[in-house]
Amino acid sequence: MLPHAGTDSAVWRDVVALGADLRALAEVQGSTGTAETAVVWDWDAKWALELPSQPSELLRHLELVRSWYEPLWRAGVAVDFVRPDADLSAYRLVLAPSLYLVDDAGAANLTSFARQGGTLAVGFHSGAVDENCQVRLGGYPGAFREVLGVRTDELFPLLPGESVGLDTGGTGSLWSERVRPAGAKVVSSFADGPLKGVPAVTRHGCGEGTAWYLATLPDPDTLARLLDRVRAEAGVRPVLEDVPPGVEAVRRRGPAADFLFLIDHTGRGATVPVPAGSTELLTATPLPDGSVLVPPGGAAVVRRPTGV
């Protein structure tokens with residue numbers, strides 16, 4: 001609803017400014033995203049994971065997804081969020097941090113993505129039940145056993161504040177399980193506790209692609225390093241290589257130009273290198289020197305002609 005007479009004039013100014021921004025960005029209409037990474041989000045999986053019947057009351061779908069997303073965001077990697085049954089053909093890398101519940105179609109879609117040359121990474125306690133919350137027989141991780149090349153026969157949830165060491169450095173929290181490789185290669189193992197020497201992270205070549213399994217939640221630095229390796233192997237690069245920390249970059253592609261959206265999350269503003277000859281659309285400013293100033297807490301939208 002638009003503000004009515006008597007509304008503070010600052011609100012009117014905001015409305016006018018928004019209209020001006022939309023006019024300035026008119027040519028962006030019809031452009032498409034260029035993310036090469038997708039993160040799987042599913043509301044049914046969230047609901048099922050947080051039922052009181054779970055072996056751990058600490059599991060939270062949003063928190064698990066966020067823990068995987070944050071290092072990608074900080075690395076400047078553009079990410080789409082998708083359903084398990086979405087068209088994945090545009091992506092090099094698909095991450096399923098928490099997919100406890102998945103139907104046959106979704107599981108087959110993710111498996112096919114990996115077998116056809118994509119890189120799939122799956123978090124612990126995924127694939128365990130179908131869409132009716134019925135446990136998949138034959139061992140965990142249920143629907144993803146074959147594509148991941150592992151089989152788990154016992155779960156070892158961790159207590160609040162408890163952690164377990166990893167032999168490649170760092171620690172894991174929330175979860176552990178007795179993983180037995182069934183074709184997968186061991187990347188990292190538990191370094192202590194009742195599962196000492198048992199795989200914690202595995203990598204499996206399947207068909208033309210690769211599938212990774214994380215049987216715990218690594219600490220943030222360890223998880224960031226691991227996801228750096230996973231995305232590097234998948235050929236996924238940041239949107240821009242020289243974006244200052246705290247500045248988000250997203251690229252959209254149109255028939256005649258690319259559009260680079262830059263958002264400052266630091267509140268300090270930043271200067272970001274862009275191709276010379278670009279134009280900042282919100283201010284209609286040419287950028288002949290190859291850099292753009294993103295205002296504190298604000299945004300810049302840069303048009304880069306195709307081929308520049």
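**From the whole chain to one helix residue**

Mentor: Happy to! The chain exposes about 15100 Å², and carbon and sulfur atoms supply 53% of that area (Shrake-Rupley method, 1.4 Å probe; for residues, only the protein chains shown count as cover). This is a predicted model, in which local features need pLDDT of at least 70 and side-chain atom pairs count only at pLDDT 80 or more, while totals for chains, interfaces and linings use all residues. Residues are numbered from 1 along each chain as its sequence is written, and side-chain values use heavy atoms, with hydrogens and water left out.

Of the 308 residues in the chain, 46% are buried (under 20% relative accessible area, with a 1.4 Å probe and protein chains only). Their C-alpha atoms fill a box of roughly 60 × 50 × 35 Å along the principal axes. When you look at contacts (heavy atoms within 4.5 Å) between residues at least 6 apart in sequence, 59% join residues at least 24 apart.

The secondary structure comprises six helices and 20 strands (DSSP runs numbered from the N terminus: H or I of at least four residues for helices, E of at least two for strands). Six of the strands make an open antiparallel sheet, ordered β1-β14-β15-β20-β17-β18; strands pair if DSSP finds at least two bridges between them. At the edges of this sheet are β1 (32–33) and β18 (285–287), each pairing on one side only.

T111 counts as buried because its relative accessible area is 15%. Start with its side chain: a polar atom there lies 2.9 Å from the backbone oxygen of A107, a polar contact (N or O atoms within 3.5 Å; within protein, one must be able to donate a hydrogen and the other to accept it, and residues adjacent in sequence count only if both atoms are side-chain atoms).

Next, look further along the sequence. Leaving aside neighbours within four places, T111 is in contact with F144 and V147.

How values were computed
Buried means under 20% relative accessible area, exposed over 50%, partly exposed in between (1.4 Å probe, protein chains only).
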